[in-house]
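Please read it beside the sequence and the coordinates.

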Amino acid sequence: MASLGHIARESSDITRLAQFYKEVFGFEEIESPDFGDLKVVWLNLPGAFAMHIIQRNPSTNLPEGPYSATSAVKDPSHLPMGHHICFSVPNFDSFLHSLKEKGIETFQKSLPDGKVKQVFFFDPDGNGLEVASRS
């Protein structure tokens, strides 16, 4: 059976993006290899998975991210049907409150049966995120 090893995100400011994931989700910074000119920050979410944040190289023109959009995306209401990573939390209302305290713009909805609440928002680089309540 397969399991999630890590997710990689590229960023023009890896320190800022790493700090966001540490503050919002509780990721911990872990030791990363020395790749020479390639700057990375490796994070771990204990018991879940790792995230590798990689310094963006504009010459690669990688697709499928905020940099491939024709204009900036600011409206999180489009995220349910777009590219995003989903986390789940045990105390959804408390998590939602922490996002509001940080001034993060969100879009909220529930699954059709109403059992799972969802909030959608962007990280500082425009990557889509969802947090769902645990049912």
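1. Basis. This is a predicted model, in which local features need pLDDT of at least 70 and side-chain atom pairs count only at pLDDT 80 or more, while totals for chains, interfaces and linings use all residues. Residues are numbered from 1 along each chain as its sequence is written, and side-chain values use heavy atoms, with hydrogens and water left out.

2. Sheet. An open, mixed sheet is built from four strands in the order β5-β8-β7-β6; helices (H or I, at least four residues) and strands (E, at least two) are DSSP runs numbered from the N terminus, and two strands pair if DSSP finds at least two bridges between them. The edge strands are β5 and β6, each with a single partner strand, so one side of each has no neighbour in the sheet. From one strand to the next the twist averages 25 degrees.

3. The β5/β8 pair. Five bridges join β5 and β8 in the parallel sense. Isoleucine 85 has leucine 129 in β8 as its bridge partner.

4. Faces of α1. The buried residues of α1 are Ile14, Leu17, Ala18, Phe20, Tyr21, Val24 and Phe25; buried means under 20% relative accessible area, exposed over 50%, partly exposed in between (1.4 Å probe, protein chains only). Viewed down the axis of α1, its buried residues lie within an arc of 155 degrees, so they line one face of the helix; the arc is that of the directions from the helix axis to the C-beta atoms. Thr15 and Glu23 are exposed on the face of α1 turned away from the buried side. Just after α1, glycine 26 has a positive phi of about 85 degrees.

5. Helix α2. In α2 (residues 92-101), Phe92, Phe95, Leu96 and Leu99 are buried. Their arc, seen down the axis of α2, is within 100 degrees, so these residues line one face of the helix. They pack against α1 (14-25), β5 (85-89), β6 (107-110), β7 (117-122) and β8 (128-133).

How values were computed: Contact means heavy atoms within 4.5 Å. Axes are lines fitted to C-alpha atoms, for helices over the stretch in contact, and angles run from 0 to 180 degrees between N-to-C directions.
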